Amino acid sequence: MSVTKYSALSAKIHAMRARLLTRMDYERLASKDTLAQMLEELMKHAAFEKALANAFSTRIARDSAERLLNLAVYGDYERIYSFLDADDKKTMSVFFRKIELTFIKTIFKTFLDSEAPSADLGEFERFFDKHTELDLKKLNTCSSVDDIIRVLPERYANILRNALPAEMTIFDIDLRLDLRYFTLLWKNTREFGSAIYGRQIDMLNLIWLYRTKSFFSVSAQEAFSYIIPVYYRLSKEQIAALVNAPDKESYIYAVNTTRYAGFFDDLRSGDEIITKYWNTMYDINVKNARYNNFSISAALSYMFFKEVEVRNLISVIEGIHYKVGKDAIMTKITLGTKEGGRKWR
């Protein structure tokens, strides 16, 4: 990649990286007794000041806080996008597809979960509308799940219409939309990001299959239908062997014959597996950001860190709500396994 071409983008991302929250920041936030106190502390950080500007104009619920935090992600995407040429905008748009899918999921949740937050995009609606084929006005006036599917672009509607069970759940919708996103991600990034996104997809497939062996009762055919059809370090034959493993013990044995041997070692719960996944992805993106600083790949890694930051903040909010204490909250914070994710800055 050209250093000249990406010098301005690299400088911008470097400045944005400096505003990411540190372990010390999370400890201060996790020590607060109420959501209001936590958000007040968070507003001291420039990256969230604008997104949370209206947080105290109403009595904010924790689900609404998540929506406001996501506005900070949208804002960073907009800032990076403005530095890109036409080719890189096309590549970067793969992250926007994730934002778009998050919006679609929220729309569905408003019908299937009475406590779900609204799909309001606030001040970023104009930017969102500029980049999406979604008809936001029609989606926000839908009166049923079937209405939503009819209004969606065909690339999404077809997935949901043909693959979902009659009694669809948020779980079914999320899995199908995620499958669509990761297939698109691979298609758009495999030339420069296979080491990042190939491993991510492999791990997600491994975790999904682990869940089918541990917590769900699904047929091999159904399990296959939820596999992201990308084969990076796991061949089709290895995936087939994993799917057909009769129980969890046989499954882990089969995993240990692949390049992911040891992935499930010393993990006692589903939460620990998810934590390992996020920390592994954090470390992978730390390495990418360090060695590919002058490329569009660095921008995608930054957006991953921003996504993790919001995820961490939701963990803080949940911990404060349930009064689990700072130490318990900090076990849920993803900062990688190498020096708390700080070395790459």
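Biologist: Which residues do ring pairs link into a cluster with Tyr277?

Modeller: This is a predicted model, and the count of aromatic pairs in it comes to 17. Ring pairs join Tyr277 into a cluster, whose other members are Trp278, Tyr282, Phe304 and Phe305.

Biologist: Is the pair of Tyr277 and Trp278 stacked or edge-to-face?

Modeller: The ring centres of Tyr277 and Trp278 lie 5.4 Å apart, and their planes meet at 70°. Planes over 60 degrees apart fall into one class of the rule, and therefore the pair of Tyr277 and Trp278 is edge-to-face.

Biologist: Does Trp278 count as buried or exposed?

Modeller: A residue is buried when its relative accessible area is under 20%. Trp278 has a relative accessible area of 13%, and so Trp278 is buried.

Biologist: Over which ring does the charged end of Lys276 sit?

Modeller: There are two such arrangements to describe here. The charged end of Arg176 sits over the ring of Tyr226, 4.3 Å from the ring centre. For Lys276, the charged end is 5.0 Å from the centre of the ring it sits over, and that ring belongs to Phe263.

Biologist: Which element gives the largest share of the lining of the largest cavity?

Modeller: The whole structure holds 3 cavities of 30 Å³ or more, and the largest cavity has about 140 Å³ of space. Its lining has 14 residues, of which Tyr181, Tyr197, Gln200, Phe304 and Glu307 are the closest to the centre. Two or more lining residues come from each of helix H6 (86-112), helix H11 (170-214), helix H15 (270-291) and H16. The largest share, 6 residues, is supplied by H11.

Biologist: Which helices each supply at least two residues of the lining of the second largest pocket?

Modeller: The second largest pocket contains about 260 Å³ of space. Among the 15 residues that line this pocket, the closest to its centre are Arg199, Asp283, Ile284, Lys287 and Asn288. The helices that each give at least two residues to this lining are H11 and H15.

Biologist: Is Lys306 buried or exposed?

Modeller: Lys306 belongs to helix H16, which covers residues 296-322. Not counting residues up to four places away in sequence, Lys306 touches Leu20, Ala47, Phe48, Ala72, Val73 and Asp76. Its relative accessibility is 1%, so Lys306 counts as buried.

Biologist: What is the phi of Lys323, which is not a glycine?

Modeller: Lys323 is in the loop between H16 and helix H17 (326-330), and it is exposed because its relative accessible area is 68%. Most residues other than glycine have a negative phi. Lys323, although not a glycine, has a positive phi of about 55°.

Biologist: How many residues along the chain lie between the positions of Tyr81 and Ala299, whose C-alpha atoms are separated by 9.2 Å?

Modeller: Tyr81 is placed in helix H5, residues 62-81, and counts as buried at 14% relative accessibility. Leaving aside neighbours within four places in sequence, Tyr81 is in contact with Lys89 and His131. With a C-alpha separation of 9.2 Å from Ala299, Tyr81 is apart from that residue along the chain by 218 residues.

Biologist: How far apart in space are Leu136 and Leu152, C-alpha to C-alpha?

Modeller: Leu136 is found in helix H8, residues 136-139, and counts as buried at 5% relative accessibility. Leu136 and Leu152 are 16 residues apart in sequence, and their C-alpha to C-alpha distance is 9.6 Å.

Biologist: What percentage of the residues in the protein chain is buried?

Modeller: The protein chain has 17 helices and 0 strands. Of its contacts with a separation of 6 or more, 67% join residues 24 or more positions apart. Of the 345 residues in the chain, the buried ones make up 50%.

Biologist: Over which residues is the pLDDT below 50?

Modeller: The mean pLDDT of the protein chain is 87, and 90% of its residues reach 70 or more. One stretch has a pLDDT below 50, with 16 contacts in the model beyond near neighbours in sequence, and that stretch is residues 339-345.

Conventions
Residues numbered from 1 in each chain as written. Predicted model: local features only at pLDDT ≥ 70, side-chain atom pairs only at ≥ 80, totals over all residues. Heavy atoms only, no water. pLDDT = per-residue confidence, 0-100. Contact = heavy atoms within 4.5 Å. Helix = DSSP H or I, 4+ residues; strand = E, 2+ residues; numbered from the N terminus. Buried < 20%, exposed > 50% of the residue type's maximum accessible area, 1.4 Å probe, protein only. Phe/Tyr/Trp six-rings, centres within 6.5 Å; stacked < 30°, edge-to-face > 60°. Lys NZ or Arg CZ within 6 Å of the ring centre and 35° of its normal. 1 Å grid on protein atoms, 1.4 Å probe; cavity = no way out; pocket = protein on both sides within 12 Å on 5 of 7 lines; lining within 4 Å. Points joined across faces, edges and corners; volume = space filled by probe spheres on them.
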